[in-house]
Amino acid sequence: MKKILFLCIFSPEELGFDVRDTQVITQLPQRLSNLLLVMLKKLPQKSIEEFKMELYEYVNNQVLKEFKHLPEVLDAKTHVSSKIMSYIKGLETLRVSGWTQCNSELSSFSEDIFPWLEKVLFTSRERMEYTKVVNSKHYKFLEEYLQLGVSLNPKLLNRAFDAFTSNKIVVCSDGKEIKKGTHILNVLGDIPFILLAQDSCFCMERIMELISTGHVPEVLDILTRTMKVLVKNAKLRTQYSSKLIEIILNNWDSIFEASFKSEDTKESFLTFIMATFMADKEGIISSKLKVK
């Protein structure tokens, strides 16, 4: 029975589930999460500990070892197995249902994700860092893998933010130079901004640090792109926009003052305002203006 449950979580295709079916992909993890939550709440403590022991043994021996063989090149010829994608979804199901807490192996696993990601994106030669070509077919995998790492270990968001905002110059395959952080954001698509929106308090804390050190263009770019992600995704907007906009309004004076110290950032600030208004479906900004 336990083995069948483990296969449902991590390898549903082995039990005959069509993992290409959108309904299966959406509903199976939700139902498994509900079942695991009930087990955590209703089972006797002794049974929970026994289940945890077998679950962690399965995760450590069957699941995590598969990630140790991930390639450090993700070009058009590289193949990332569907098994890996199933394992990512399975680990997320465990996390959502509360079964990943206090697991040292999972903690160590999550800490290895970002160093691996940097090896995929960059290589060093003669004291210079160069970008590596990442084929677009791997973007979805990279997004989900990074999302899993931060979900398992929220402290990784701090390291990720440092990488997203890095001003270090790297050389692209065409010989052009680009900021390291910009390249990472270009490759990872929406996921960095979703991560920041999910933890808006942390996001704003780091944003204010950047403003204090004069990195206003980077701040406006991050905030604008985060708002644009929320604008185009109604579900994310419903979940995160209100809190993020409230926090932005609480720090509005600092952002406004920093943006208007230079002519170069005025236009970027206006773009940011437009994106913020578009993301504000609850009318928070309008209600604040009426109060004033």
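Let me start inside. The buried residues of helix H10 are Ile191, Pro192, Phe193, Ile194, Leu195, Leu196 and Ala197. Buried here means under 20% relative accessible area, exposed is over 50%, and partly exposed lies in between, with a 1.4 Å probe and protein chains only. Helices are DSSP runs of H or I with at least four residues, strands are runs of E with at least two, and both are numbered from the N terminus.

A word on provenance. This is a predicted model, where local features need pLDDT of at least 70 and side-chain atom pairs count only at pLDDT 80 or more, while totals for chains, interfaces and linings use all residues. Residues are numbered from 1 along each chain as its sequence is written, and side-chain values use heavy atoms, with hydrogens and water left out.

Back to H10, residues 191-198. Seven of its eight residues are buried, so H10 is largely enclosed by the rest of the structure. What do those buried residues pack against? The partners are helix H7 (139-152), H8, helix H9 (180-188), H11, H12 and helix H13 (234-250). Contact means heavy atoms within 4.5 Å.

Two of those partners form a pair. The axes of H11 (residues 200-212) and H12 (residues 216-232) come within 8 Å and cross at roughly 155 degrees. Axes are lines fitted to C-alpha atoms, for helices over the stretch in contact, and angles run from 0 to 180 degrees between N-to-C directions. That crossing makes H11 roughly antiparallel to H12; the cut-off for that label is over 145 degrees. H11 brings Met204, Ile207, Leu210 and Ile211 to the contact, and H12 brings Val219, Ile222 and Leu223. The tally for this contact is seven nonpolar, no polar and no charged. Nonpolar covers Ala, Val, Leu, Ile, Met, Phe, Trp, Tyr, Cys and Pro; charged covers Asp, Glu, Lys and Arg; the others, Gly among them, are polar.

Next, threonine 165. It is found in the loop between helix H8 (156-164) and strand S3 (169-171). Is threonine 165 buried or exposed? Threonine 165 counts as buried, because its relative accessibility is 12%. Leaving aside neighbours within four places in sequence, threonine 165 touches Gly181, Leu210 and Ile222.

Now the core. A nonpolar core is a set of buried Ala, Val, Leu, Ile, Met, Phe, Trp, Tyr and Cys residues joined through side-chain atoms within 4.5 Å. The largest one has 94 residues, and Phe10, Phe67, Leu91, Phe109 and Phe141 have the most contacts inside it. Helix H3 (residues 45-67) gives the largest share of this core, nine residues. Phenylalanine 67 touches Ile84, Tyr87, Ile88, Leu91, Phe109 and Tyr145, not counting residues up to four places away.

Serine 11 sits in the loop between helix H1 (2-10) and H2. It is buried, with a relative accessible area of 2%.

On H2 (residues 22-42) we find glutamine 30. It is partly exposed at 46%. Its C-alpha atom is 9.3 Å from that of valine 96, 66 residues apart along the chain.

Finally, the whole chain. It has 16 helices and four strands. The C-alpha trace spans about 65 × 55 × 35 Å along its principal axes. Of the 292 residues, 46% are buried. Among contacts with a separation of 6 or more, 70% join residues 24 or more positions apart.

Note on methods
Angles under 35 degrees count as roughly parallel, over 145 as roughly antiparallel, 65 to 115 as roughly perpendicular and the rest as oblique.
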